[in-house]
Structure formats: C-alpha cells, structure tokens
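Hi there,

Here is the structure I promised to pass on. Have a look first, and my notes follow below.

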Amino acid sequence: MLPPLAQRMRPQTLAGYVGQRHLVGEGCVLSNMIKSGNLGSFILWGPPGVGKTTLARIVANSLEREFYTLSAVSSGVKEVREVIEKSRNGRMFSGGKTPILFIDEIHRFSKSQQDALLGAVEDGTIVLIGATTENPSFEVITPLLSRCQVFVLKPLDMGDLQTLMNTALEKDSILSKLEIKVESTGALFRYSGGDARKLLGLLEMVVNASAGKQGPIVISDAAVTACLSSSPAAYDKDGEMHYDIISAFIKSVRGSDPNAALYYMARMLDGGEDPLFIARRLCILAAEDIGLANPNALLLANATFQICHQIGMPEARIPLSECTIYLASSPKSNAANMAIDKAFALAKETQDAPVPLYLRNAPTKLMEELGYADGYKYAHDYPGHFVDLEFMPDAVKGKVLYEPQPNKSEDVMKSRLETLWPKYYKK
C-alpha cells in the first residue's frame, strides 16, 4: 500500500529539510552539533507538523547513530529499560557511538517513566531526543530537563509551505506524473496553519478528489474548501483540528461567550484531549484576558489546574466547566499583558540605563562612599506609606507602562494611582 504523501516527502538530510532555519541554518546550533559530532540530549518543542520527528531522524542518519524510538502513548518503564539495555550492549559494536533514543510526545511520560531515563542520560548510555507539543517546563521533570537543551520549533511560514508544495509537485513519484495546475494557494496555506503534514494531506486530498476527471487537476481555494466541507475531520488531539478547536475555545472565553466555550471544550474532551492542556490554557486566559479586571480568575484557574491534576477524567470535566463559565462571564482586561510587553520593549531599548544610586544596595564601605543607597526614602516612614520618589532610570523617567482599563476593579487602582502619581496619571 502506498504511504501518504507526507510520509513519501519526509526528507532524509538537512538539505531537504524545510523550515527552522534558526536551528538548522548555517552556523546554527543543530547544524553545528551535526558537523562537530558532539551531540547532547535535547527536547524539540513545537506544534504538530513542523518537523520534530524528521529532524531527530536526520540527526541520527547524519551522525550514523543507532536510532531507537518510543512513543509515550504506548510505552512504559519496561520498554524504556529494554531500550537502555539494548543501547548499552549495542554501543560496544558501533564504534563507541552513543545511540539515540527518540521519544515522541515525551510530555505524556509519567514521572516514573521519566525517572527511568535519568541514569542512562546522565552516564551517556543514550542521547535522548524528546518531542513535545507542550511546554517542557510543565511536563518534563526538573532533573531530566536540566540534562537536556530545549529547542523551540516554529510553525512553518508561507515561504516554507510554498517550498513544500513545489517540492511535492515536482519530485513526488505520483504527483510529478500528473498534470496539476496551481491557481491559488490562500486556502491551502491558511488551513494548513503552519503544519507540513496538514499541508501535504490537504494537497493529496484535492488531487485524489479530482482523480478520473478530464483535464488538469486544479489546486485552488474553491477546491480546497470543497474538500474540507465534504470531508470534515474529527478532532485529533495529535494535530489535525487540535489548534483550530483550542483557538475557537480561547476566543470564545475572551469574547465572553460561555456557551460556545463549553461547546468547544466538550469537543476537545470528547476527542481525548488531556484535561491539563485545557486547564493550562485557562490559566493563561485568566492572566492575559481577564487579568486585573477580576484577579480572582487567576486563583480559580490555578486551583482548577491543581484539581484536574489530582483527580483526572471524567470528574475533571466539572471544575473545567466551572472555571470556563466563570472566566467567560468575567469582565475582561488585557492591561497587564500590554504593560509587560511595553516593559520588555522599553527594557530592550534601554539595556544600559543605570539604576539610580539611591535605589542600589550598599553592602560594602566603598559602595557606601560612592553614594549607593544615599537619598533613598523608606516608604513606611511617611504618611500613607508613600513618598514621591523617582524609581525609573533617568533615561526613561516618566514612562507609563500600565494603563488601567475601565472596569470595577481597575477603577479602584486607577483612582489610587491618580492620587499617588498625579504627574503620570491624570484625572
């Protein structure tokens, strides 16, 4: 049976690899690893279809390393120990080259499964390459994470998708023999969402839908939309509709529609989505979109995450529902999000701005003589526990980063800031 187009087009070398130039471009970290042969354990973190598995295989092929692969969905501690034992024995017959163990969806490994890897990674029995769509800071135990570098992979951009499509049409053993006319690619690229596997799957779907028809096969926005309309995909927690549904869920909560939010959450849970994935998104929503308009939202979201972690499904659906309804129904403010973005931008522009001397510590005699801490006023010594003191460096004096938004909670904060800092917050 002929493998899918995405499988047929999987590159074997870096020369055919598309995207992630920040990792595999000339002089970049992974290309340097391959050139030097000095390979350490690392984790590839990024959305589906951006080349995590392909990149791991290319690294192994380029360095001629023994390559073992495990899926966190179907493997346990027993399988991990078996592979480690094989690696330990096989190393003696491979010129001393350390074998590579690739673990797909490493975020699904339990703590005990991850613990089983520690010794082998530490003593060099294996080089671990993990792949995950989830933030490793949350999903990989700290001792293992400290032994691995984390490389972030990005969704493919329009140029990458164009390159993939052109390569498939020109070099695939099937498509290259067909008369295919590309009229438009907007829908194809948009529905692909930066996912190479999705792009090639959609391309193959359009080609197959035109099989047996007279004339050239036409790739167009209409053809792609028609195929998707006639072949709706079920929710796939491993990639296909994962990002479409979570996007709709997030936008429904942000848009204060609890009914739509519950609907999309139910589709995710019914499709087998990890409840902790949803709970993490609720934490982000509580901070990013509700924020200071209702600070209790973040407390509830964090509590929901902890509860879901402790009880799991199916009971976790209830606190998830409660939190989703609460967040969707809450007033919204992105003031904290905008403020920290402004702060980052300002910090990048003024990296060398010196901290005023009176705000610095003076732990030594010399620093005290140089005026460190001289002139600092202790707020609690003044009425209302406040004193008008400039805290910004001179170069950015007067910059206002936080702009309160109109809601009951921030109105109180705004009123206090107007009283304390009338030169920055005017009534």
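Predicted model: local features only at pLDDT ≥ 70, side-chain atom pairs only at ≥ 80, totals over all residues.

Residues are numbered from 1 along each chain as its sequence is written, and side-chain values use heavy atoms, with hydrogens and water left out.

Leu-320 also belongs to the largest nonpolar core, which has 26 residues. Such a core is a set of buried (under 20% relative accessible area, 1.4 Å probe, protein chains only) Ala, Val, Leu, Ile, Met, Phe, Trp, Tyr and Cys residues joined through side-chain atoms within 4.5 Å. Touching the most other members are Phe-249, Val-253, Ile-278, Leu-282, Leu-320 and Leu-327. Two or more residues each come from α13 (242-254), α14 (258-270), α15 (275-290), α16 (296-311) and α17 (317-329); helices here are DSSP runs (H or I, at least four residues), numbered from the N terminus. The largest share, nine residues, is from α15. Another core, of 25 residues, lies apart from this one and includes Met-165, Leu-169, Leu-200 and Val-206.

Then there is a helix pair. Leu-161, Leu-164, Met-165, Ala-168 and Leu-169 in α9 meet Ala-196, Leu-199, Leu-200 and Leu-203 in α11.

Enjoy exploring!

Terms used: Contact = heavy atoms within 4.5 Å. Buried < 20%, exposed > 50% of the residue type's maximum accessible area, 1.4 Å probe, protein only.
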